[in-house]
Amino acid sequence: MPNLADFFLTYVPTDSIPLSLKSYIRGKTPLSTWPAVISMVVTYLSIVLGTRAVMKDRAPLKLTTLFRAHNLLLSAFSFIFMVLLGEEVVSTWRKVGTYGIFCADEAFTPRIEFYLLIAYFSRYYEFIDTVFLVLRKKPLQFLHVYHHAATVVLGLIQMNGRSTVCWVAPLLNLGVHAIMYYYYFATAGGARFWWKKHLTTLQIVQFVIIIATAAFAGWNLIAYNWLPMVPHFGNCSGDLGTGLMGVAIIASYLLLFVKFFHRTYTKNAQAKMPHHSSARAKIEGISSGNLLLRVDSTT
C-alpha cells in the first residue's frame, strides 16, 4: 500500500544527500556535539536579549504577514512529519509488536532516525518564535525562553542516546505543534477560538505520556540488566544516563506548564468572578504568545 513517505521519496534525490544529513553521526552531523549546541543556545539568548534592548525605546513592529507565514510553515511541517513518523511507527509496530516498538533495537529504523533528525533541526528554526515576540514587544516569559533553549539540548541527548522509545516525544509534539502553530497563524489574522485552554491541556498531557513511556522503557532496561528478579518484558535499547537526563528535562516542562496553567486559567477564572469586566480586560491584554507557549521535543 503506497504511503506518504514513498510519495515524497519519488521527488527527493536521496542519493545526493550526504549520509551525515540522512542519519545521525556524532561529530559529523551538524549540531551533533555539545560545543555546537551550547554555542547555538548562547547565540539564541544573546540575540533575544540584544534585540530586546534595542527595541526597548522603539515602537513594536507588526510583521503580521511574516508572522503568519512563519506559523503556517511550521504548522504544515509539523503535520506532514507527524504523518511520516506515525506511519513508520505503525509499520514497524506491525513487525515487532507493542513491546518491540518501545524497546527493540530493530525498531529504531533508518526512517525513524531520519525523521527524528529533521525534527531536531527544526527546533533551531523555532528560535525565530522568540525573535518575533521581541520585535513585536509581546510579553516574554521565562517558560518560553527556557523551553526553546532546553529543547535543543533535549534533542541532542535523544539523538546521542538512540533509545527506541524516543520517537514518542517527537510524534506527540509534532501533533501538538501542528495545531498550535495553526492557532497562532489564524489568530494573527483575526480569528478567535474557544479551545485555547484545551490546547494548553494537550501540551501537558503529552508530557505525561512521554514520561510514562520513558518509565516503561527505563524499568525494563534496569530490570533486565540489574534486577532480573523483578517482573519485566525484556531488555530495552538506549542509554540509561541520557534517558534520565531527558526525563528530567521533560519533567521540568511538565511542572512549569502545570504552574502556568494554574496561574493563567485557574487564578484568572477565580479573579473574574467578582470583577468580571476588569479581569476580562486584563486577560485580553495578554498576547497569545503569553497564553500558549510553543512546545518542542525530539522529544
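Accessible areas here come from the Shrake-Rupley method with a 1.4 Å probe, and for residues only the protein chains shown count as cover. On that basis the chain exposes about 15,100 Å², of which carbon and sulfur atoms supply 68%. This is a predicted model, in which local features need pLDDT of at least 70 and side-chain atom pairs count only at pLDDT 80 or more, while totals for chains, interfaces and linings use all residues. Residues are numbered from 1 along each chain as its sequence is written, and side-chain values use heavy atoms, with hydrogens and water left out.

**Overall build**

- The chain has twelve helices and zero strands; helices (H or I, at least four residues) and strands (E, at least two) are DSSP runs, numbered from the N terminus.
- Of the 299 residues in the chain, 46% are buried; buried means under 20% relative accessible area, exposed over 50%, and partly exposed in between (1.4 Å probe, protein chains only).

**Aromatic rings**

- You will find 26 aromatic pairs in the structure. Rings of Phe, Tyr and Trp (its six-membered ring) pair if their centres lie within 6.5 Å; planes under 30 degrees apart count as stacked, over 60 as edge-to-face and the rest as tilted.
- F142 and Y146 are a stacked pair, because their ring centres are 5.5 Å apart and their planes are at 20°.
- Both residues belong to helix α7 (residues 142-161), where they are four residues apart, about one turn of the helix.
- F142 counts as exposed at 58% relative accessibility, whereas Y146, at 25%, counts as partly exposed.
- S252 is found in helix α10 (residues 240-272) and is buried, with a relative accessible area of 17%.

**Charges over rings**

- The charged end of R68 sits over the ring of F185, 4.1 Å from the ring centre. The criterion is NZ of Lys or CZ of Arg within 6 Å of the ring centre and within 35 degrees of the ring normal.
- R136 lies over the face of F67, at 4.1 Å from the ring centre.

**Salt bridges**

- The structure holds three salt bridges, each defined as a side-chain nitrogen of Lys or Arg within 4 Å of a carboxyl oxygen of Asp or Glu.
- R111 bridges to D6, with the closest N and O atoms 3.2 Å apart. This pair links distant parts of the chain, with R111 in helix α5 and D6 in helix α1, 105 residues apart.
- R111 is partly exposed at 26% relative accessibility, and D6 is partly exposed at 33%.
- E113 and R162 meet through their side chains at 2.8 Å, N to O. Here E113 in helix α5 is linked to R162 in the loop between α7 and α8 (168-188), 49 residues apart.
- E113 is buried, with a relative accessible area of 8%, while R162 is partly exposed at 35%.
- E126 and R123 form a salt bridge at 3.0 Å, N to O, and both residues are buried.
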